[in-house]
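Q: I have a structure open and would like to learn how to read its features one at a time. Could you take me through it?

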Amino acid sequence: MSLLEVRDLKVTYPGGAAAVRGVDLAVAAGEKLGIAGESGCGKSTLALALLRLLPPGARVGGEILLDGEDVLAMKWGRLRAVRWAGASIVFQGAMHSLNAVHRVGDQIAEPIVLHRRATAAGARRRAGELLEQVGLPAARASAYPHELSGGQRQRVMIAMALACDPRLIVADEPTTALDVMIQAQILRLIEGLVGAQDVGLIMISHDLAVLADTCDRLAVMYAGRVVEEGPARQVYDDARHPYGRALSGAFPRIGDPASRFAPRGLPGDPPDPAAVPSGCAFHPRCPVALDLCATEDQLLRPAGPGRRAACVHVGADGTGTPGGNGAAAESEAPDEGAQSADGPDAHGEAAAATGSGARSADGGGVEPGVAAARTGTAAGTGAKGADGGEPAGNGAAVDGGPPGEGAESAGNGAAGMAGGAGASGAGAGRGAADDRAGGTGGATPARDHGVRSSAP
Ligand code: ADP
Ligand code: MG
């Protein structure tokens, strides 16, 4: 049995936004599942739903089985026990997620006291150990959040998520607001901790390259659905769904001349969840849409060993890939890139040497294409950031958090949520700026830089 099994999960916000429209997922212990997709496709809603952190009035359907027990059917007392100890969430925007007026050690200790019934001294000792586990000296426990750097704060958030030895960790854009160098460290840290403790990880990001690098499996979401799923590297290098291809194509591969001179982005905006297009929700933006795509819903179907995709072009044998003009042109380049001497896997070494040069060389060509699409998104959605920033909705989620959520949500839990909101507009802008700044710095760490710094 999987550690987490999500069946036909649906979430509709008050006002009618169908943010999640029937998602099935499974995560085994020790497995790292990445969830990718443009801003607004429902990733955070899915994360919040997993621990029932959605705002009052949100309608949730389906099943969320954590160790076989349905989270959606749990009584509050049981749910409180499961939060932190069964599963915990690391939010983006650590800057805003910690309580500014409490020492970080106390914030880490709080759930340990509440959930583990530890003594204050015992919890403090454990907080020190956790800080060391995430690479900070135990003495930093006495620091206030403003005394720490962004990366250190995110480490504190991770220590907090680990505080009660959860079986599952959900990390929602844990590195989006960090520069690439720190991003790489944090990702390695999460990877290492997950590997060492055999917990399940759900890592959410708009950055497919980050996920391909970190996760075992990858699910690509579009308009509240998973449209493609499979082994991470395969989905990144050779997506079966045209949206997966477009998302992957938006990341220029360093050393790949095709992606350098012919940047690919996806025109248009993701659909408004209050008015999802008929048929396949992606059809208005799809370069290979057929007439029937406007009317026929496309469900996930086998797309090769261990893979599924929701596209009419994926044949019954699972081998078909979206052909035709647009996608064909898009699809060839990444493959070539992957095969070239310094394809994605070799980026590390190449990046150290060429990172900055390659970037400035193709920066002008690449970014505008991607940026154009993104800017459209940002403009279109107002509060939502261009760079995967959290919608203000999450903040609202917290402020109006479920009644009876208890002390823990008033403290760290709520602080965590609020961070999502705090990071919204500003976080998005900052994230983009940081990425770029880090990207042009030649000293960025090799291995991650190559792939990741190309984040839009
Ligand atoms: P992602 O994390 O992929 O960027 P979200 O899950 O945050 O996407 O949002 C999915 C959709 O749900 C968006 O269109 C967003 O505007 C909407 N949404 C998010 N939170 C709320 C809320 N509290 N109330 C109403 N709509 C919301
Ligand atoms: Mg989000």
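Q: Which residues is A159 in contact with, leaving aside its neighbours within four places in sequence?
A: This is a predicted model, and in it A159 is in contact with I108, L130, L131, Q133 and V134 once those neighbours are set aside.

Q: Where does A159 stand in the nonpolar core, and how many residues does the largest core have?
A: The general idea is that in soluble globular proteins, nonpolar side chains tend to be buried together. Here the largest nonpolar core has 110 residues. A159 belongs to the group with the most contacts inside that core, together with L218 and V220.

Q: What describes the way two helices pack?
A: Two packed helices are described by the angle between their axes and the distance between the axes. Take α4 (residues 104-116) and α6 (residues 150-162): their axes are 8 Å apart and the angle is about 20 degrees. Angles under 35 degrees count as roughly parallel, so α4 and α6 are roughly parallel to each other. The crossing of α4 past α6 is right-handed. On the α4 side the contact is made by V104, Q107 and I108, and on the α6 side by V156, A159 and M160.

Q: At what angle do α4 and α5 cross?
A: The axes of α4 and α5 (residues 120-133) cross at roughly 120 degrees and come within 8 Å. α4 passes α5 in a right-handed crossing. G105, I108, A109, I112 and V113 of α4 meet a set of α5 residues including A120, A123, A127 and L130.

Q: Is α10 mostly covered or mostly exposed?
A: Mostly covered: eight of its eight residues are buried. Among them are P242, Y243, R245 and L247.

Q: What is the order of the four strands in the other open sheet?
A: The order is β2-β1-β4-β5, with antiparallel pairing. Its edge strands, each pairing on one side only, are β2 (18-27) and β5 (69-70). Helix α1 packs on this sheet too, touching β1, β2 and β4, and its direction makes about 65 degrees with that of β2. Seven bridges join β1 (residues 4-12) to β4 (residues 59-66). In β4, E63 is the bridge partner of R7.

Q: Which residues other than glycine have a positive phi?
A: Most residues other than glycine have a negative phi, and most peptide bonds are trans. E173 is one exception, with phi near 50 degrees, and A223 is another, with phi of about 45 degrees. E173 sits in the loop between β7 and α7 (180-197), while A223 is in the loop between β9 and β10.

Q: Why does L292 count as exposed?
A: L292 has 12 C-beta neighbours inside 10 Å, and for that reason it counts as exposed. L292 is found in the loop between α11 (257-261) and β11. Its C-alpha atom is separated by 7.8 Å from that of G279, 13 residues apart along the chain.

Q: How many helices and strands are in the chain?
A: The chain has 17 helices and twelve strands. Of its 456 residues, 57% count as buried. Among contacts between residues at least 6 apart in sequence, 70% join residues at least 24 apart.

Key. Residues are numbered from 1 along each chain as its sequence is written. Chains are lettered from A and ligands numbered from 1 in the order in which they are written. This is a predicted model: local features need pLDDT of at least 70, side-chain atom pairs count only at pLDDT 80 or more; totals for chains, interfaces and linings use all residues. A nonpolar core is a set of buried Ala, Val, Leu, Ile, Met, Phe, Trp, Tyr and Cys residues joined through C-beta atoms within 7 Å. A residue is buried if 20 or more other C-beta atoms lie within 10 Å of its own, exposed if 12 or fewer, and partly exposed in between; C-beta atoms are placed from the backbone. Two residues are in contact if their C-beta atoms, placed from the backbone, lie within 7 Å. Helices (H or I, at least four residues) and strands (E, at least two) are DSSP runs, numbered from the N terminus. Two strands pair if DSSP finds at least two bridges between them. Axes are lines fitted to C-alpha atoms, for helices over the stretch in contact, and angles run from 0 to 180 degrees between N-to-C directions. A crossing is left-handed if the near helix is turned anticlockwise from the far one by less than a right angle, and right-handed if clockwise. Angles under 35 degrees count as roughly parallel, over 145 as roughly antiparallel, 65 to 115 as roughly perpendicular and the rest as oblique.
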